[in-house]
Amino acid sequence: MARIVFDGEAASLQTILQTHTVRVPKPITVLDMAEGGAVFVMEHLKMTHLRRYEAQLGEEIANLHLHNQKLGERLNRDTSTVGKGCGQGELQPVAKFGFHTTTCCGYIPQRNDWQSDWATFFISRLQTQMDLIEKDYGDRKARELWAALQLKIPEMFKDMEIVPALLHGDLWGGNV
């Protein structure tokens, strides 16, 4: 299980690093332990006196959320200019919702299968949580409510243009 958690964290940090929007530790490697489990090795960041940077962090997180949209806008602008276009080494905008690997919320694996629309991705993400509730608690009422709600979710987002965005994971005071 630790390997899945750490592989997802390493991929997430590497992707955030590539945006140049938020300073995060550089992942180095994930190692399997001989006795089981795994270890995640990453760059050490000296993190003291961070309160003075709270506003800056907020702006950087906002830029992270807007990064994919801005990439798409830049690609559209550059492709209409002779001699411009996306270079092979540059990040490409993502047109779907999801991520290329499993990530975790604590020890709960989060499915990130690519979906063409937000509502489908959101339903898939919530379905994982509902499956756990069903398995662990057998809550019939929750199952009935979820069955009704998931049919309404696409309607809730039907008139909204939602652009895929790279999001941070476990953002709390202990790790920022």
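Visitor: What do the buried residues of helix 3 pack against?
Guide: In this predicted model, they pack against strand 4 (108-110) and helix 4.

Visitor: Which residues of helix 3 are buried?
Guide: Ala-119, Phe-121, Ile-123, Ser-124, Thr-128 and Met-130.

Visitor: How far apart are the end C-alpha atoms of helix 3?
Guide: They are 28 Å apart. Helix 3 covers residues 118-137, and at 1.5 Å a residue its 20 residues should span 28 Å, so the two values agree.

Visitor: What's going on at the start of helix 3?
Guide: A side-chain oxygen of Asp-117 reaches to within 3.3 Å of the backbone nitrogen of Ala-119.

Visitor: And what follows helix 3?
Guide: Gly-138, with a positive phi near 55°.

Visitor: Which residue takes a positive phi just after helix 1?
Guide: His-20, at about 55°. Helix 1 itself runs over residues 2-19, 18 residues in total, and reaches 26 Å from its first C-alpha to its last. That is close to the 26 Å expected at 1.5 Å a residue.

Visitor: Which residues of helix 1 are buried?
Guide: Val-5, Gly-8, Ala-10, Ala-11, Ser-12, Leu-13, Thr-15, Ile-16 and Thr-19. Thr-19 is also touched by His-67, a residue of helix 2 (residues 54-79).

Visitor: What else does His-67 touch?
Guide: Thr-21 and Leu-91, leaving out residues up to four places away in sequence. His-67 has 15% relative accessibility, so it counts as buried.

Visitor: How about Asn-68, buried or exposed?
Guide: Buried, because its relative accessibility is 10%. Asn-68 lies in helix 2 as well.

Visitor: What is Asn-68 in contact with?
Guide: Setting aside neighbours within four places in sequence, Asn-68 contacts Gln-92, Pro-93, Val-94, Val-163, Pro-164 and Ala-165. With Val-94 there is a specific pair of atoms to look at: a polar atom of the Asn-68 side chain lies 2.6 Å from the backbone nitrogen of Val-94.

Visitor: Where does Pro-164 lie?
Guide: In the segment after helix 4 (140-156). Pro-164 is at 11% relative accessibility, so it counts as buried.

Visitor: And which residues is Pro-164 in contact with?
Guide: Asn-68, Val-94, Ala-95, Lys-96 and Phe-97, again apart from neighbours within four places in sequence. So Asn-68 and Val-94 both contact Pro-164, and Asn-68 contacts Val-94 too, by the 4.5 Å heavy-atom cut-off. There is also Gln-69: its C-alpha is 7.4 Å from that of Pro-164, although the two residues are 95 apart in sequence.

Visitor: Back to salt bridges. How many are there?
Guide: The count comes to eight. One of them joins the side chains of Arg-51 and Glu-54, at 2.5 Å from N to O. Arg-51 is exposed, because its relative accessible area is 66%, while Glu-54 is partly exposed at 47%.

Visitor: Which residue does Lys-158 form a salt bridge with?
Guide: Glu-155, with the closest N and O atoms 3.0 Å apart. Glu-155 is at 51% relative accessibility, so it counts as exposed.

Visitor: Which residues are linked in a network of salt bridges?
Guide: Arg-3, Asp-7 and Asp-32.

Methods. Residues are numbered from 1 along each chain as its sequence is written. This is a predicted model: local features need pLDDT of at least 70, side-chain atom pairs count only at pLDDT 80 or more; totals for chains, interfaces and linings use all residues. Side-chain values use heavy atoms; hydrogens and water are left out. Helices (H or I, at least four residues) and strands (E, at least two) are DSSP runs, numbered from the N terminus. Buried means under 20% relative accessible area, exposed over 50%, partly exposed in between (1.4 Å probe, protein chains only). A salt bridge is a side-chain nitrogen of Lys or Arg within 4 Å of a carboxyl oxygen of Asp or Glu. The expected span of a helix is 1.5 Å times one less than its number of residues. A polar contact is a pair of N or O atoms within 3.5 Å; within protein, one must be able to donate a hydrogen and the other to accept it, and residues adjacent in sequence count only if both atoms are side-chain atoms.
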